[in-house]
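This report covers a two-chain model, chain by chain and at the contact between the chains. Please have the sequence and coordinates open while reading.

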Amino acid sequence: MHSALIAEWLLARFMGRKQAASIVGDLLELKQLKGILWFWYSLVGVVIVLFWRRPLAFVAALIFGFMAFAGLQATDIMGIPPLLSGNYNYPWMNLCWVLFAILLFVLTYATIRYGLRDRVTQLALALSISSALLIYGGRQMAVLVACIVFLVCVAAVSILNTERRRAAVVILIVESVGIVGGLWAAHVFNLFFDLAVPMSKRAPAPPSAGWLYLCMVLMMAWMMATACSCMHNWLMRNSSIDLGD
Amino acid sequence: MTHLISLGEFEQVVLLAILRLRDDAYGVTIRSEIAGCTGREATPGALYTTLDRMEEKGLIRSWLGDPTPQRGGRAKRYFGLTKTGRAALINAQRAYQSLLCGLDILGGANA
């Protein structure tokens with residue numbers, strides 16, 4: 001009986017208690033025929049099969065989002081070289097980098113967790129492709145016009161179609177959470193830096209600054225992943241929510 | 001406009017097993033029904049993933065039964081098809097039927 005309680009506790013870390021209890025109940029019924037080894041083997045199988053997507057999606061989204069952010073800072077955007085765009089002559093570009101990095105985060109996370117047929121994934125993919133084309137080919141008038149027309153079409157479809165409107169709301173909320181989280185992380189980081197390295201001393205940054213930076217990045221990613229997951233569960237799987245349908 | 005959800009092969013097997021079991025479709029019985037009819041031992045992980053995914057898609061619905069001593073006081077989670085699930089299954093089976101039509105692979109029944 002102890003093994004059932006442990007198994008139920010373990011499953012309840014990943015799902016609702018009632019659902020966990022019903023699965024353990026099923027396994028207990030079969031345990032009488034197949035034995036204790038089969039019981040634990042199946043339980044581990046259930047945990048892995050049901051939940052491998054969530055941690056993988058988080059890690060992959062974190063890597064891709066962070067790589068996009070770092071890569072874009074070294075790329076000329078719409079013909080403006082990175083040296084110019086990086087030294088605050090074009091402050092709006094920092095916002096563009098952040099928005100695009102968050103978009104790639106959503107795209108990676110949604111692709112792994114919900115698959116390519118999911119509306120959030122499809123919208124994130126359409127927006128990512130058009131944003132990437134704007135960034136890398138925006139200096140050519142034809143590409144610029146094509147991207148703008150495409151974005152207008154995506155916006156129109158997102159407004160007219162109920163499911164796509166919900167997907168757009170999910171992406172908008174994750175973008176907002178990412179920006180607010182980023183501002184909050186920058187604020188905490190600056191506070192720490194002011195305390196640890198006073199301006200008068202001009203000392204190099206302590207190693208703890210690196211750890212704090214890593215913690216802030218992980219915290220931001222966790223906030224965005226949670227926002228994406230919660231909003232997806234709430235909006236995409238609950239057809240009774242009225243979004244002007 | 002009605003949008004029919006396309007079904008995978010294992011999804012159809014699970015839906016048919018639920019239909020056959022009527023009001024007694026829960027994890028253990030669905031698994032044994034599949035094994036009995038197809039000879040295929042579905043792993044619990046694969047079965048619960050499919051059931052969860054189909055419930056998210058609105059193809060099936062679930063409800064909890066009463067706790068039983070045989071299961072250590074744990075309730076059974078029963079499954080049933082929704083209208084969407086039934087329509088998707090009929091659509092998938094019709095596709096199979098039209099593909100089978102004119103073929104003699106089932107001993108002439110569809111020839």
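Which residues in H3(A) meet which residues in H3(B)? On the chain A helix they are A:Ser42, A:Gly45, A:Val46, A:Ile48, A:Val49 and A:Leu50, and on the chain B helix B:Pro44, B:Gly45, B:Ala46, B:Tyr48, B:Thr49 and B:Asp52. The model is predicted, with local features requiring pLDDT of at least 70 and side-chain atom pairs pLDDT 80 or more, while totals for chains, interfaces and linings use all residues. Residues are numbered from 1 along each chain as its sequence is written, and chains are lettered from A and ligands numbered from 1 in the order in which they are written.

**Contact between the chains**

The contact draws 21 residues from chain A and 19 residues from chain B; two residues are in contact if their C-beta atoms, placed from the backbone, lie within 7 Å. On the side of chain B that touches chain A, two or more residues come from each of helix H2 (27–38), helix H3 (44–57) and strand E2 (74–81) of chain B. Helices (H or I, at least four residues) and strands (E, at least two) are DSSP runs, numbered from the N terminus. H3(B) gives the most to this side, seven residues.

The partner of H3(B) in the opening question is helix H3 (residues 36–51) of chain A, and the two pack at about 40 degrees with their axes 8 Å apart. H3(A) and H3(B) are therefore oblique to each other. H3(A) passes H3(B) in a right-handed crossing. Their contact has seven nonpolar, four polar and one charged residues.

**Helix packing**

Chain A has 10 helices and zero strands. Among its contacts between residues at least 6 apart in sequence, 66% join residues at least 24 apart. Two packed helices are described by the angle between their axes and the distance between the axes.

| Helix pair | Angle between axes | Axis distance |
|---|---|---|
| H3(A) and H3(B) | about 40 degrees | 8 Å |
| H8(A) and H9(A) | roughly 110 degrees | within 5 Å |
| H9(A) and H10(A) | about 160 degrees | 9 Å |

Axes are lines fitted to C-alpha atoms, for helices over the stretch in contact, and angles run from 0 to 180 degrees between N-to-C directions. Angles under 35 degrees count as roughly parallel, over 145 as roughly antiparallel, 65 to 115 as roughly perpendicular and the rest as oblique.

H9(A) and H10(A) have their axes 9 Å apart at about 160 degrees, which makes H9(A) roughly antiparallel to H10(A).

Helix H8 (residues 141–160) and helix H9 (residues 162–196) of chain A cross at roughly 110 degrees, which makes H8(A) roughly perpendicular to H9(A). A:Val157, A:Ser158 and A:Ile159 of H8(A) make the contact with A:Arg164, A:Arg165 and A:Ala168 of H9(A).

**Nonpolar cores**

Of the 245 residues of chain A, 29% count as buried; a residue is buried if 20 or more other C-beta atoms lie within 10 Å of its own, exposed if 12 or fewer, and partly exposed in between, with C-beta atoms placed from the backbone. A nonpolar core is a set of buried Ala, Val, Leu, Ile, Met, Phe, Trp, Tyr and Cys residues joined through C-beta atoms within 7 Å. The largest has 35 residues, and A:Val106, A:Ala124, A:Ile171, A:Val174, A:Met224 and A:Cys228 touch the most other members. H6(A) supplies the largest share of this core, 11 residues. A second, separate core of 33 residues includes A:Ile23, A:Leu28, B:Tyr48 and B:Leu51. Leaving aside neighbours within four places in sequence, A:Cys228 is in contact with A:Val106, A:Tyr109, A:Ala110, A:Val170 and A:Val174.

**Two residues of chain B**

B:Glu33 is found in helix H2 of chain B and counts as buried, with 20 C-beta neighbours inside 10 Å. Not counting residues up to four places away in sequence, B:Glu33 touches B:Ala17, B:Arg20 and B:Leu21. B:Arg22 lies in the loop between helix H1 (9–21) and H2 of chain B and counts as exposed, with 8 C-beta neighbours inside 10 Å. Its phi is near 55 degrees, a positive value in a residue other than glycine.

Key
A crossing is left-handed if the near helix is turned anticlockwise from the far one by less than a right angle, and right-handed if clockwise. Ala, Val, Leu, Ile, Met, Phe, Trp, Tyr, Cys and Pro count as nonpolar, Asp, Glu, Lys and Arg as charged, and the others, Gly among them, as polar.
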